[in-house]
Amino acid sequence: MSKPLIDLIAEAKRDNQPGRLTEAVPYARFMGLSMHHVAGELLGRLTYADMLVGNPALPALHGGAIGALLESTAIFQLLWEAETVVLPKTIGITVEYLRSGRPVDTWARGILTRQGRRVANVRVEAWQDDRVRPIAIAHSHFLIVPGPDGEEGASA
Amino acid sequence: MINRQFHTVVPHNRALGLEIAELGDGDARMRLPYSPDLVGNPDTGVLHGGAITSLMDACCGAAVFMRLTMPVPIATLDLRIDYLRPADPGRDVLAHASCFRITRNVAFVRGVAYHDDEDDPVAAAAGTFMLATSPGRTRSKP
């Protein structure tokens with residue numbers, strides 16, 4: 001088996017290779033999610049594919065696919081910025097859908113709004129061609145310590 | 001039959017392997033089959049939250065459709081997901097969503113994701129959807 005994910009993340013940070021974060025996550029590969037350094041910022045990218053469409057009449061991206069980009073970008077931003085020895089667990093995420101996602105690549109940027117001892121809050125915006133016209137915004141919060149019974153939160 | 005239409009219409013639902021389990025008045029149940037492709041943490045095999053988000057978005061949307069008298073396009077306005085506990089690796093996830101209020105413009109939905117027991121959910125969702133404008137849309141309730 002491969003190395004534990006937390007070790008792969010530590011190596012990716014040490015080598016400053018954010019692309020390796022997503023390579024280690026099966027769902028990210030399946031969705032075409034990747035992380036990139038662009039002009040000094042860490043950005044998430046959802047590469048357009050026909051299988052991401054939720055409404056073929058428009059066509060528009062599936063709300064779940066946009067949600068996945070936002071949640072993944074938030075987690076990777078947190079992993080990149082925070083010193084954590086465990087994988088953050090998502091407590092909750094609220095996504096506001098502002099515009100329909102056209103069939104092109106979508107980018108996202110996560111901002112760590114607060115890191116406490118147990119909980120980190122991350123705000124994320126997603127856009128396509130025009131960054132000042134976001135297609136979706138999310139507020140998310142993550143547990144960054146192991147729970148007392150290791151139970152809270154569902155995703156890595 | 002319903003599943004075939006659903007998959008033809010929504011490519012991402014097909015990609016995830018989402019299945020409609022049951023439809024009722026303003027009510028929908030769906031199944032997300034477990035797949036190694038959808039894993040978020042390779043150490044544990046737990047599904048990624050994004051797959052649960054897609055399941056809940058699709059199921060909440062279907063519940064809204066089941067409240068419409070005439071089919072009109074809908075768009076997710078917002079969706080909140082609370083992850084209550086990790087999904088069990090290797091197991092399908094079911095979703096149940098209910099549209100409990102619909103107006104001329106907006107539909108309100110809540111739902112849960114679970115394995116066996118709806119009263120022991122892995123995630124809870126609350127969403128609002130915009131309805132495309134067209135007359136005579138809502139089913140009047142007694």
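Reply: Residues are numbered from 1 along each chain as its sequence is written, while chains are lettered from A and ligands numbered from 1 in the order in which they are written.

Me: What pLDDT does chain B average?
Reply: pLDDT is the predictor's confidence in each residue, from 0 to 100. In chain B, 88% of the residues score at least 70. The average for chain B is 89.

Me: Which stretch of chain B has a pLDDT below 50?
Reply: The stretch still has eleven contacts in the model beyond near neighbours in sequence; a contact means two C-beta atoms, placed from the backbone, within 7 Å. Where pLDDT is low, the predicted coordinates should not be read in detail. The stretch is residues 136-142.

Me: What ipTM does the predictor give the complex?
Reply: The pTM for the complex is 0.90. The ipTM is 0.88.

Me: In what order do the elements of chain B run from the N terminus on?
Reply: Helices (H or I, at least four residues) and strands (E, at least two) are DSSP runs, numbered from the N terminus. Chain B has three helices and eight strands. The order is α-α-β-β-β-β-α-β-β-β-β.

Me: Which strands stand at the edges of the open sheet?
Reply: Twelve strands form the sheet, with antiparallel pairing, in the order S1(A)-S2(A)-S6(A)-S7(A)-S8(A)-S5(A)-S5(B)-S8(B)-S7(B)-S6(B)-S2(B)-S1(B); strands pair if DSSP finds at least two bridges between them. Each edge strand has a single partner, so one side of each is left without a neighbour in the sheet. The edge strands are S1 (33-38) of chain A and S1 (19-24) of chain B.

Me: In S5(B), which residue is the bridge partner of A:Glu96?
Reply: S5(A) and S5(B) pair in the antiparallel sense over five bridges. The partner of A:Glu96 in S5(B) is B:Asp78.

Me: Which element gives the most to the side of chain B that touches chain A?
Reply: The contact takes 38 residues from chain B and 39 residues from chain A. On the chain B side, helix H2 (11-16), strand S3 (39-41), H3 and S5 each supply at least two residues. With nine residues, the top contributor is S5(B).

Me: How many nonpolar residues does the side of chain B that touches chain A have?
Reply: Ala, Val, Leu, Ile, Met, Phe, Trp, Tyr, Cys and Pro count as nonpolar, Asp, Glu, Lys and Arg as charged, and the others, Gly among them, as polar. That side has nine polar and seven charged residues. Its nonpolar count is 22.

Me: Is B:Phe65 buried, partly exposed or exposed?
Reply: B:Phe65 sits in helix H3 (residues 49-65) of chain B. A residue is buried if 20 or more other C-beta atoms, placed from the backbone, lie within 10 Å of its own, exposed if 12 or fewer, and partly exposed in between. Because B:Phe65 has 17 other C-beta atoms within 10 Å, it is partly exposed.

Me: Which residues does B:Leu55 touch, not counting those up to four places away in sequence?
Reply: B:Leu55 is among the residues that touch the most other members of the largest nonpolar core, which has 80 residues. Such a core is a set of buried Ala, Val, Leu, Ile, Met, Phe, Trp, Tyr and Cys residues joined through C-beta atoms within 7 Å. B:Leu55 touches B:Leu18, B:Met30, B:Leu32, B:Val93, B:Ala95 and B:Ala113.

Conventions
Predicted model: local features only at pLDDT ≥ 70, side-chain atom pairs only at ≥ 80, totals over all residues.
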